[in-house]
Every structure is written in C-alpha cells, then in structure tokens.
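Colleague: Before we rely on any of the labels in this model, could you take me through how each one was assigned?

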Amino acid sequence: MDIKNAQLEVDNWIKTHGVRYFNELTNMAQLTEEVGEVARIIARRYGEQSEKESDKNKDLGEELADVMFVVLCLANQTGVNLQEAFDKKLDLKTKRDHDRHHNNEKLK
C-alpha cells in the first residue's frame, strides 16, 4: 500500500470507527507517547538497558505501526499529502546525500 492509500484507509477508519479525529494537539501528544514506546523497546532490546520481563512480549512492529497511524492522522487533519511530501523529501535526500554517506569515514 502506498502512503496516499494509507491516508485514505486511516481517514475511512476514523469516519467509520473513530467518530472524528482527535484535535491536532491531542494527536501530537499521542504521537509522542507512541514514539516513547518505540524508544523503550529499542533501548532495552538493542541498547544497553536491560529488558523488563513485562516488556519482552512487546511487538516493535505494532508500536511502529501505532506511530504511522498517528502520523497519518496528523497529515490528514492538517491537509498534508504525505505521499507528495515523502517523494519530494526522498528526491531531495537522494540529490543532496548521494555521495555524503559514502565519503563518511565513520560509516566505513
């Protein structure tokens, strides 16, 4: 599924199941909360912190999907075409960073 269709799917879900979008500030707070859950899993599973028994069954993919869902909500309610924005950003990064990372001694 491309981003444009993902935005449509989320919009349809909100209209069918969610009554309405939460306001932008509420969604921003939810996004922060979801990113925190991703950070917790990464820090404990791949970082130096020990993983609590209660966190061992957390699904990183599910938490990343939560982040995507809220990002898509924010894009929808603020009128951002995320597909266009992403394509434009990828093009910019491709042109700007074409040799940058290949020449980075830290990455060798």
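Predicted model: local features only at pLDDT ≥ 70, side-chain atom pairs only at ≥ 80, totals over all residues.

**Labels and their cut-offs**

Modeller: Glutamine 77 touches Tyr21, Phe22, Asn23, Glu24 and Asn27, leaving aside residues up to four places away in sequence, where contact means heavy atoms within 4.5 Å. Residues are numbered from 1 along each chain as its sequence is written, and side-chain values use heavy atoms, with hydrogens and water left out.

Colleague: What does the side chain of glutamine 77 reach?

Modeller: The side chain of glutamine 77 reaches the backbone oxygen of phenylalanine 22 at 2.8 Å, and glutamine 77 itself lies in helix 3.

Colleague: Why is helix 1 called roughly perpendicular to helix 3?

Modeller: Helix 1 (residues 3-18) and helix 3 (residues 60-78) pack at an angle of about 85°, with their axes 9 Å apart. Angles of 65 to 115 degrees count as roughly perpendicular, and therefore helix 1 is roughly perpendicular to helix 3. The residues making the contact include Trp13 and Ile14 of helix 1 and Phe69 and Leu72 of helix 3.

Colleague: How do you know that helix 4 has close to its expected span?

Modeller: Helix 4 (residues 82-96) has 15 residues and reaches 20 Å from its first C-alpha to its last, close to the 21 Å expected, the expected span being 1.5 Å times one less than the number of residues.

Colleague: Which residue caps the N-terminal end of helix 4?

Modeller: Asparagine 81 does, with a side-chain oxygen 3.1 Å from the backbone nitrogen of glutamine 83.

Note on methods:
Helix = DSSP H or I, 4+ residues; strand = E, 2+ residues; numbered from the N terminus. Polar contact = N/O pair within 3.5 Å; in protein donor to acceptor, adjacent residues only side chain to side chain. Axes fitted to C-alpha atoms, helices over the stretch in contact; angles between N-to-C directions. Parallel < 35°, antiparallel > 145°, perpendicular 65-115°, else oblique.
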